[in-house]
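I set down each item as I looked it up.

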Amino acid sequence: MSWTYTTLKSAIQDYTENTESTFVADLAIIIQQAEDRIVKSVELPNFRKNVTGSFTNGNQYLTAPDDYLYPFSLAVLDSSNNYSYLISTDVSFIREAYPSAASTGVPKHYAQFDDNSFIVGPSPNANLNVELHYYYIPTSISASADGTSWLGTNAPELLLYASLIEAYTFMKGEPDIMANYEKRFQEALQKLTLLSDGYNRKDAYRDGQRKIDV
């Protein structure tokens with residue numbers, strides 16, 4: 001089973017027995033809130049991304065991608081494409097270690113300055129190529145070009161129950177029904193967490209194959 005945006009909306013209305021116009025009109029927001037809850041509850045390797053960009057000579061700030069959530073690494077690439085990874089620190093460290101933005105060199109440290117940018121130290125001494133490896137916010141099933149998403153295809157149970165929790169919150173639904181959906185959500189989340197933190201991070205050569213007693 002997998003969901004498209006159309007079939008997921010229909011399922012939510014069927015489960016909640018609610019086709020009231022305001023509720024239906026807000027289903028996109030309800031689903032987006034459900035997706036956001038999932039993405040921030042488990043780190044999925046499928047939502048890692050690499051992007052390349054460049055530092056501007058003398059500018060100690062670097063703009064984050066629009067879908068950026070949090071970083072895994074930031075590296076400077078030299079002319080031979082050799083990587084030099086920056087050390088993640090706090091803004092206060094950057095300010096104290098490199099008090100003058102006019103002091104330039106190959107950046108060695110970086111910190112998240114705000115929601116939209118990083119600050120590095122020292123300030124770049126040239127227009128240097130960089131690569132950011134980060135966890136990103138995937139496109140919602142409600143906004144994707146074909147009406148599908150990774151969660152809708154690979155974690156349909158989790159997406160359904162997360163959506164039902166948000167739907168019943170919107171409806172101010174009965175606590176016992178909310179508790180049941182929360183329980184089903186947590187069970188599905190545990191399965192996906194096992195896939196993410198366990199199976200997806202193993203190497204059969206080093207860890208061996210999974211064995212199931214029958």
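Before the entries on helix pairs, I note the convention for handedness: a crossing is right-handed if the near helix is turned clockwise from the far one by less than a right angle, and left-handed if anticlockwise. I also note that the model is predicted.

**Entry: helix 1 and helix 6**

I looked up helix 1, residues 5-16, against helix 6 and found that they pack at an angle of about 55°, with their axes 10 Å apart. The two helices are therefore oblique to each other. I recorded the crossing of helix 1 and helix 6 as right-handed. Helix 1 makes the contact through Leu-8, Ala-11, Ile-12, Tyr-15 and Thr-16. From helix 6 come Leu-159, Leu-160, Ser-163, Leu-164, Ala-167, Tyr-168 and Met-171.

**Entry: helix 3 and helix 6**

I then turned to helix 3 and helix 6, the latter spanning residues 156-171; their axes come within 8 Å and cross at roughly 125°. Helix 3 is therefore oblique to helix 6. The crossing of helix 3 and helix 6 is right-handed. On helix 3, I listed Ile-30, Ile-31, Gln-33, Ala-34, Glu-35, Arg-37 and Ile-38 as the contacting residues. Their partners on helix 6 are Leu-158, Leu-159, Ala-162, Ser-163, Ile-165, Glu-166, Ala-167 and Phe-170. The class count for the contact of helix 3 with helix 6 is 10 nonpolar, 2 polar and 3 charged residues.

**Entry: helix 1 and helix 3**

How far apart are the axes of helix 1 and helix 3? I found 11 Å, with a packing angle of about 100°. Angles of 65 to 115 degrees count as roughly perpendicular, and helix 1 and helix 3 are therefore placed in that class. Tyr-5, Leu-8, Lys-9, Ile-12 and Gln-13 of helix 1 meet Leu-27, Ala-28 and Ile-31 of helix 3. I counted the residues of the contact of helix 1 with helix 3 as 6 nonpolar, 1 polar and 1 charged.

**Entry: the largest pocket**

I looked up the largest pocket and noted about 180 Å³ of space in it. Two elements give two or more residues to its lining: helix 3 (27-39) and helix 5 (150-154). Which element gives the largest share of the lining? It is helix 3, with 4 residues. The lining has 15 residues, and those nearest the centre of the pocket are Glu-35, Val-39, Ile-137, Pro-138 and Thr-139. By class, I recorded the lining as 8 nonpolar, 4 polar and 3 charged residues.

**Entry: backbone geometry**

For reference, I note that most residues other than glycine have a negative phi, and that most peptide bonds are trans. I found that Glu-17, although not a glycine, has a positive phi of about 55°. Glu-17 sits in the loop between helix 1 and helix 2 (21-25). I also found that the peptide bond from Gly-121 to Pro-122 is cis, with omega near -5°. I located Pro-122 in the loop between strand 8 (117-121) and strand 9 (123-124).

Technical notes:
Residues numbered from 1 in each chain as written. Predicted model: local features only at pLDDT ≥ 70, side-chain atom pairs only at ≥ 80, totals over all residues. Heavy atoms only, no water. 1 Å grid on protein atoms, 1.4 Å probe; cavity = no way out; pocket = protein on both sides within 12 Å on 5 of 7 lines; lining within 4 Å. Points joined across faces, edges and corners; volume = space filled by probe spheres on them. Nonpolar A, V, L, I, M, F, W, Y, C, P; charged D, E, K, R; others polar. Axes fitted to C-alpha atoms, helices over the stretch in contact; angles between N-to-C directions. Parallel < 35°, antiparallel > 145°, perpendicular 65-115°, else oblique. Contact = heavy atoms within 4.5 Å.
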